[in-house]
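Subject: Structure handover

Hello,

Here is the structure I said I would pass on. My notes on it follow below.

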Amino acid sequence: MIVAGDDMFDAGLQEFPHQLVKKLTDIIVVDIFTPPVASRIYANTSLAMYEALRFEDKSSTSITAKLKGFDPMPLPVKDVTYNYAISAIQAFCETAKKVTFSAPEISGYQDSLIKIYGTNLSKEVIDSSVAFGQRVADV
C-alpha cells in the first residue's frame, strides 16, 4: 500500500524517476563511463527502481524474473504499509552507489528525496519502505 498525502505528492510520483535518472546522468558524465558501461548502469538502476515500485500497480509483473542472472526479487511483507516511491528511491540509489564512483553525492541526493517523499509519513512507513528498497537493491 502506498501512502500519499496530497495531489502534489501524486504528481511527484510521476516525476521522481526522471529526477533520479537525471542525477545519474550527471554522475555518469562526471565519472566518465564508456557508453556500454553507462547503459548497464542505467539498466541495473532502472530495474531496481521498477522492481521496488511495481507493487504500486497490482497488475505489474517482475521484469527481472524474465531475465537470466537475477535472483528472485523480494516481496513486500503482508500487512506492512509501504511508500513504494521511497522504496524505489532507495533501490535505485543503493544500486547506483554500487556501480559508480560517486556514492557520497548519491547518498546526499537519496536522503533529500526520501525526506521530501517522507513528508507527512510516519517513521514506521518510511523505515519499512527504505528496508524494502534495500532488499531489492541487495538482489
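A surface patch here is made of residues with over 30% relative accessible area and no salt bridge, and nonpolar side chains are joined into one within 5 Å. Please keep in mind that this is a predicted model.

By that rule, Ile63, Leu67 and Phe70 make a nonpolar surface patch of about 220 Å². One of these three, Leu67, sits in the loop between helix 2 (35-53) and helix 3 (84-99). Leu67 has a relative accessibility of 38%, so it counts as partly exposed, the range for that class running between 20% and 50%.

The largest nonpolar core has 32 residues. Within this core, the residues with the most contacts are Phe16, Leu20, Ile89, Tyr117, Phe132 and Val136. Two or more core residues come from each of helix 1 (7-31), helix 2, helix 3, helix 4 (103-117) and helix 5 (123-137). Helix 3 supplies the largest share, nine residues.

Setting aside neighbours within four places in sequence, Phe16 is in contact with Met49, Leu53, Ala85, Ala88, Ile89 and Tyr117.

One last item is Val37, which belongs to helix 2. Val37 is partly exposed because its relative accessible area is 30%. In sequence, Val37 and Val99 are 62 residues apart, while their C-alpha atoms are 9.3 Å apart in space.

Regards

Notes. Residues numbered from 1 in each chain as written. Predicted model: local features only at pLDDT ≥ 70, side-chain atom pairs only at ≥ 80, totals over all residues. Heavy atoms only, no water. Patch = residues over 30% accessible without salt bridge, like charges linked within 9 Å, V, L, I, M, F, W, Y side chains within 5 Å. Areas by Shrake-Rupley, 256 points an atom, 1.4 Å probe, with all protein chains shown as cover. Salt bridge = Lys/Arg side-chain N within 4 Å of Asp/Glu carboxyl O. Helix = DSSP H or I, 4+ residues; strand = E, 2+ residues; numbered from the N terminus. Buried < 20%, exposed > 50% of the residue type's maximum accessible area, 1.4 Å probe, protein only. Core = buried A, V, L, I, M, F, W, Y, C linked by side-chain atoms within 4.5 Å. Contact = heavy atoms within 4.5 Å.
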